[in-house]
Amino acid sequence: MSCRAPATVTIVVRAGAGVIVETSAQMAEYKVGYFVGSLATKSINRLLSKALVRVAPPELQLTEIPFKDLPLYSYDYDETYPPVATAFKDAIAGVDAVLFVTPEYNRSIPGGLKNAIDWASRPYGKNAFTRKPSAVIGTSPGKIGTAVAQQHLRSILAFCNSPQMNSVEAYIQFDDGLISEDGQVSNQSTREFLQNYMAEFHGFIARVYTVLPRTT
Ligand code: FNR
């Protein structure tokens with residue numbers, strides 16, 4: 001697992017009368033695995049994930065990490081993980097960062113997503129989220145737009161030792177027609193907000209790996 005070779009951009013700063021400072025910044029490319037917290041065929045969070053893929057900066061390569069085929073976790077499996085769970089953990093190991101796009105169910109995250117996180121976090125000492133940058137986002141028809149679920153998820157990810165993007169927060173209220181089947185966002189300000197959210201996530205991932213370079 002590693003990010004692809006960075007492209008270098010030159011930034012020119014006019015620092016005063018006639019003074020020009022040239023510096024260069026690395027716009028590294030990263031693999032991001034995303035989880036769609038809903039298993040529903042008509043999931044509005046799946047639509048949101050499609051929109052996020054569309055507006056993400058080109059340096060982020062997004063792929064879904066599916067979890068619907070995982071059995072219910074028990075530590076009885078820790079001795080020998082079933083192939084589906086090993087493949088799931090390998091998928092997380094293969095990305096630089098993770099993005100959670102989740103609904104709110106009963107003021108928390110859906111059980112299927114929690115089950116997936118439990119699988120990823122075990123066996124003890126082999127937690128797949130350790131030092132893996134993450135971000136959370138979600139949509140619901142209600143006005144608070146998954147805020148309570150996201151707080152629960154943040155608490156879980158903190159325990160799993162995942163550095164989390166704290167800001168921008170994103171609580172998206174879903175109205176009919178906001179996002180099409182192929183991920184087009186009809187409302188311009190929402191589209192720009194999501195675009196900025198993904199740009200911020202890119203910057204956050206870069207900062208995490210600047211401070212904490214990977215050893216693998
Ligand atoms: C919900 N819904 C919901 N909405 C919310 O804002 N807060 C909540 O706590 C809940 N709880 C809840 C529980 C269960 C079991 C279901 C099925 C639904 C409504 C929910 O936001 C709505 O169904 C969304 O469409 C769910 O997102 P997906 O699954 O379509 O992506």
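I began with Arg107, which sits in the loop between strand S4 (97–101) and H3. Arg107 has a positive phi of about 60°, although it is not a glycine. Most residues other than glycine have a negative phi, and most peptide bonds are trans. Is Arg107 buried or exposed? Arg107 counts as exposed because it has 12 C-beta neighbours inside 10 Å. My cut-offs, with C-beta atoms placed from the backbone, are 20 or more other C-beta atoms within 10 Å of a residue's own for buried, 12 or fewer for exposed, and partly exposed in between.

A note on the source: this is a predicted model, where local features need pLDDT of at least 70, side-chain atom pairs count only at pLDDT 80 or more, and totals for chains, interfaces and linings use all residues. Residues are numbered from 1 along each chain as its sequence is written.

Next I turned to Thr146, in the loop between S5 and H4. Thr146 also is not a glycine and has a positive phi, of about 75°. With 29 C-beta neighbours inside 10 Å, Thr146 counts as buried.

Then I went through peptide bonds. Arg122 and Pro123 are joined by a cis peptide bond, with omega about -5°. Pro123 lies in the loop between helix H3 (111–121) and strand S5 (134–140). Another cis peptide bond joins Ser167 and Val168, with omega about 20°. Val168 is in the loop between H4 and S6.

I looked up Ser162 too, found in the loop between helix H4 (147–159) and strand S6 (171–173). Ser162 has 23 C-beta neighbours inside 10 Å, so I list Ser162 as buried. Which residues does Ser162 contact, leaving aside its neighbours within four places in sequence? They are Phe129, Lys132, Pro133, Ser134 and Leu157, where contact means C-beta atoms, placed from the backbone, within 7 Å. Ser162 and Pro133 are 29 residues apart in sequence, yet their C-alpha atoms are 5.6 Å apart.

On to helix packing. Two packed helices are described by the angle between their axes and the distance between the axes. The axes of helix H1 (residues 44–55) and helix H5 (residues 188–211) come within 9 Å and cross at roughly 70°. H1 and H5 are therefore roughly perpendicular to each other, a label I keep for 65 to 115 degrees. At their contact, Ala51, Leu52 and Val55 in H1 meet Arg191, Leu194, Gln195 and Met198 in H5. By class, this contact of H1 with H5 has 5 nonpolar, 1 polar and 1 charged residues. I count Ala, Val, Leu, Ile, Met, Phe, Trp, Tyr, Cys and Pro as nonpolar, Asp, Glu, Lys and Arg as charged, and the others, Gly among them, as polar.

Last, the overall tally. The protein has 5 helices and 6 strands, running β-β-α-β-α-β-α-β-α-β-α from the N terminus on. Of its 216 residues, 33% are buried.

Conventions. Axes fitted to C-alpha atoms, helices over the stretch in contact; angles between N-to-C directions. Helix = DSSP H or I, 4+ residues; strand = E, 2+ residues; numbered from the N terminus. Parallel < 35°, antiparallel > 145°, perpendicular 65-115°, else oblique. Contact = placed C-beta atoms within 7 Å.
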